[in-house]
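Here is a short briefing to keep beside the structure as you look around.

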Amino acid sequence: MNDTLYLRCKEKNIMPLHVCEVGVYLPEASNVLGFIKDGITTTLVEADPVINEKLRTFFANDKNVTLVEYAVYNENRQLEFCRADASTFARDIPSSPALANDKFDIKKANTFTVEAKRFDEIDNGSIDLLSIDTEGCDWYGIQNMTSRPTVISIETGTKNYINPFIKEINEWMQSNGYEIWYRERSDTVYVRKGSVQFTFTEKVRTALGFK
């Protein structure tokens, strides 16, 4: 469990009513597991049918959890995925961590096909915390989002990987009134301007690009 996002929100007294994670992977590693344990209404969006079976089992008794078994993309269509454990990705994405950091051999990939949907067909407008980590497809969720969450955590880059749509993401954040709160490993966490009172140390670390 990566509980940094959960603990940071607790520290700032951010209390979401509806959290959503897109690209969950293993349930015990969920970025929103702390919120789930607190009984917060949660939408989990995951494309991999193998992972979805694990999610259904793990969260079987959590009535606050809704599992949506689709990929999030920029159009409704069938989509081919390459299975690379935690870095499983859409085959036609320009770049992903598996390709950039792990030299993944796409020709030898274990591939599978899933149904993809635009995020505005999943998002009902009530999400106030979004965590999205879809190995290069993250922009498609942001681009078609109905909600305007207080907090958005998104995979932006690590090692040799830079999100292929980082320019579009940064422009969207700026035009929609978001600012960087902090960086955590491969993720950047944004908040709506005015929703968080930054400490001096937080301001300095963010300005210098520290995690």
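Strand β5 (residues 77-83) pairs with strand β7 (residues 110-117) in the antiparallel sense, over seven bridges. Strand β5 also has an antiparallel partner in strand β6 (residues 89-90), with two bridges. Please keep in mind that this is a predicted model.

**Strand β5 and its partners**
- On the β7 side, you will find Q78 opposite E115.
- On the β6 side, F81 stands opposite A90.
- The hairpin of β5 and β6 has five residues between the strands, and D85 there takes a positive phi near 55°.

**Salt bridges**
- How many salt bridges does a search of the whole structure find? There are eleven.
- K10 and D38 meet through their side chains in another salt bridge (3.2 Å, N to O). Because K10 belongs to helix α1 and D38 to the loop between α2 and β2 (41-45), the pair ties together parts that are 28 residues apart in sequence.
- K10 is partly exposed, with a relative accessible area of 48%, and D38 is partly exposed at 40%.
- The side chains of E184 and R185 also meet in a salt bridge (3.8 Å, N to O); R185 is exposed, with a relative accessible area of 52%.
- E53, R56 and E69 are linked in a network of salt bridges.

**Aromatic pairs and charges over rings**
- The whole structure holds eight aromatic pairs. Among them, Y6 and F35 are arranged edge-to-face, with 5.1 Å centre to centre and 85° between the planes.
- That pair links distant parts of the chain, with Y6 in helix α1 (residues 4-11) and F35 in helix α2 (residues 33-37), 29 residues apart. Both Y6 and F35 are buried.
- Y140 and F165 form a tilted pair, 5.3 Å centre to centre with 55° between the planes. This pair also links distant parts: Y140 lies in helix α5 (residues 138-143) and F165 in the loop between β11 (161-162) and α6 (166-175), 25 residues apart.
- Y140 counts as buried at 9% relative accessibility, and F165 counts as buried at 13%.
- Ring pairs link Y73, Y140 and F165 into a cluster.
- Two charges are worth a look as well: R8 lies over the face of Y182, at 4.0 Å from the ring centre, and the charged end of K117 sits over the ring of Y70, 4.9 Å from its centre.

**Helix α6**
- Which residues of α6 are buried? I169, W172 and M173 are buried in α6. Seen down the axis of α6, its buried residues fall within an arc of 100°, so they line one face of the helix.
- The other side of α6 has K167, Q174 and S175, which are exposed.
- The buried residues of α6 pack against α5, β9 (151-155), β12 (178-184) and β13 (187-192).
- After α6 comes G177, whose phi is positive, near 80°.

How values were computed: Residues numbered from 1 in each chain as written. Predicted model: local features only at pLDDT ≥ 70, side-chain atom pairs only at ≥ 80, totals over all residues. Heavy atoms only, no water. Phe/Tyr/Trp six-rings, centres within 6.5 Å; stacked < 30°, edge-to-face > 60°. Helix = DSSP H or I, 4+ residues; strand = E, 2+ residues; numbered from the N terminus. Buried < 20%, exposed > 50% of the residue type's maximum accessible area, 1.4 Å probe, protein only. Lys NZ or Arg CZ within 6 Å of the ring centre and 35° of its normal. Arc of directions from axis to C-beta. Contact = heavy atoms within 4.5 Å. Pairing = 2+ DSSP bridges. Salt bridge = Lys/Arg side-chain N within 4 Å of Asp/Glu carboxyl O.
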